[in-house]
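Work through the exercises below with the model in view. Each task is followed by a stepwise solution.

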Amino acid sequence: MNSPEPGSFSDVRPWTVDPSRMAWRAGIEQVRARTLASLPALVRRRRVPPLGRFLGAGARIGTAVALWALRERGRDPEVSRAGLSRRLRLAFEKLGPAYIKLGQILSSGRGLFPEELVAEFRSLRDKVPPEPFELVRKSVEAELGRPLHEVFESFDPVCLASASIAQVHAARLRTGENVVVKVQRASVERLVAKDIRAMAWIAPYLVGRIPISALANPPALVELFAETISEELDFRLEAENMLDIARVLRDSGSSVVIVPRPHPTLVTRRILVMERVEGFVIDEAPAMREAGIDTEAVLRALLISFLEGAMIHGVFHGDLHGGNLFVLRDGRVALLDFGMTGRMDDVQRLAFLRMMVTGAMNDVRGQLAAFRDLGALPADADIEALVRVLKADEAPRDPTLMTGEELVAEIQTMLKGLLAHGARLPKHLMLYVKNMIFLDGAIAQLAPDLDLFAEVTRIWGHFASQHGERIARELGFDPGLGSIDLTGMKASLGLTSEVESLTHRELVARREKVRERLEEAGAAPRL
C-alpha cells in the first residue's frame, strides 16, 4: 500500500512525493534567504536614471499610441478599442517580462477593464512568441548535464505555452512518465534587472503626484515585483512553493484543488520538470458545462482554497490568472505556475484574518484597525476620522444614479482623505487584490448569475463550520455564534440593506454605468 503523500495531488502517481528524497531541496531555505537578501541592492534608487530603458519603453508605447491615433481613433468605438489594445499588447510583448506581467493582470480583469483590452492581453498569459527549440535544447542539456535523449524518450520541440519568464514543453521521460518541462528564457534575468532599476528610480516620484498610484504605494509595488520575480527566476523555489501549497490544501481538507508533482530529481535553477495535467482553461466555461462540470462549484473551490491559504495558513498562490490553472474533467482544479507565492508571518496573517472577519460582521472600525495592523495605515491612524472619510456612518449613495461630476468629486474626496491619513496598500494586500481581480473575472466566466450575497453567506458558513474553533482561539470570536452582516458590503456598492440579491451580471452592468458616467465627465479615457 502506498504511503500518503504530504499534499493535495492527483490520484495517479507518476512518482511519489517524498520531500526528504528530493535532492534539489538541499539548502532550499538558504536559497530563499539569499534571494531575499539580494533585493535591497536591486531596488536601491541609483543616482543616474536608466535613460536607455526609459527611452526604449517610451518609444515603443508612444509609437503604439501614435499609430492608433492615426489609424483607428475616431472610428467605431469597438474598432478603436480593439486597435489600441492590439498595439499595446504588441508593445508589451517586445518590452519583456515586467510589461508582460502587467498585461497578464489586465487580462484577468474582465468586467473591470474594457473587454477588447482583456481579450487582447489574454494571449500574454501563455502565447508570447517562444524562443527557438535549439536554444531550449541547449538550456535543458546545460542544466541537467546530459544530452536530451539520455533523460527524455521524447521532447516536443513545439511549446505548449510561452509567457514572460519561461516556456513549457511536453515530454516523456525514459522511465515512461508524461511530463512538462518548464524552461527559463535565456535573457530574462538581464531584462528583469533593467526593469526593476527603472521602476525603482521612478517610483518615489509617483508618491503624492498621482492620487490612485500613491494609494497603491509605488515603491512597495516595485519591492513586491522585485521580490516575486526574483523568486520566479529560481525554479527550485517554485518547486518548493508547489509542495507548500499542496500541503496547505491537504491540511485544509481540500479534495477539489490539486497541485502537479514536481520531479524528485529533475529540478534546477532554470529547469522544472513536473507531472503533466490537462483540462479546460478558464475561458472554456461553455465546454465545461457541456462536459457536466458544475462551474459554480469550481469557482467556489477556487475562492475557498485561496481564502483558506491566506486566512488560516498564511501561504497562498500569488499569481492567479487564466493561464495558471486547468479544470479537470472530473471537476477538480489543478493550479499551475507557483513562482509567485504570497507568504505572511503569523502577525500579518492574524491581521488579515481580522480584516476579513470584521468586514463580514460589518465592523468598520475593527476592519480599519486590522488594515492598520497590516501596514495599510500608520500605527497612530485616527480610526474615527477614517470612518468619516469613507462615509461609513452615512447612508450609501448609489453611484449609478450619480452624475459624472458627482462621481469624480466623490472619488477625489475619498482618495485625498485616505492619503492625508497615510493610507498605503502593503505588499501582501496587493497580491490579494490582484488575485481578487482575477476571481472577479472568473465569476463572469463560470457563474455570471451567481447571487453574490448568498455566496458570501455560504462561504462564511464554510469557515464557521470548518475553521470556527481555530478562529475563535486566535481572535476570541466564534464565527459560528454570529451571523454575517452584509450591510457594509451592500453600502460599498451603493446599495441599501433592503436589497436582497445581486448577481455578478448585474454588478458588471452597474460598473458599466459608472464607467459611462465617468467618461461623460472626462475622467475616464475615451478609446
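**Exercise 1.** State whether F152 and F155 are buried or exposed, then classify their ring pair.

Step 1. F152 and F155 are both buried, meaning under 20% relative accessible area, where exposed is over 50% and partly exposed lies in between (1.4 Å probe, protein chains only).
Step 2. Rings of Phe, Tyr and Trp (its six-membered ring) pair if their centres lie within 6.5 Å; planes under 30 degrees apart are stacked, over 60 edge-to-face, the rest tilted.

The model is predicted: local features need pLDDT of at least 70 and side-chain atom pairs pLDDT 80 or more, while totals for chains, interfaces and linings use all residues. Numbering runs from 1 along each chain as its sequence is written, and side-chain values use heavy atoms, without hydrogens and water.

**Exercise 2.** Classify the ring pair of F306 and Y432, and locate both residues.

Step 1. The planes stand at 15 degrees with centres 5.8 Å apart, so the pair is stacked.
Step 2. F306 belongs to helix α14 (residues 295-313) and Y432 to helix α19 (residues 427-446), 126 residues apart, so that the pair links distant parts of the chain. Helices are DSSP runs (H or I, at least four residues), numbered from the N terminus.
Step 3. F306 is buried at 4% relative accessible area; Y432 is buried at 13%.
Step 4. F306 and Y432 form one aromatic cluster with F316 and F352.

Methods: Helices (H or I, at least four residues) and strands (E, at least two) are DSSP runs, numbered from the N terminus.
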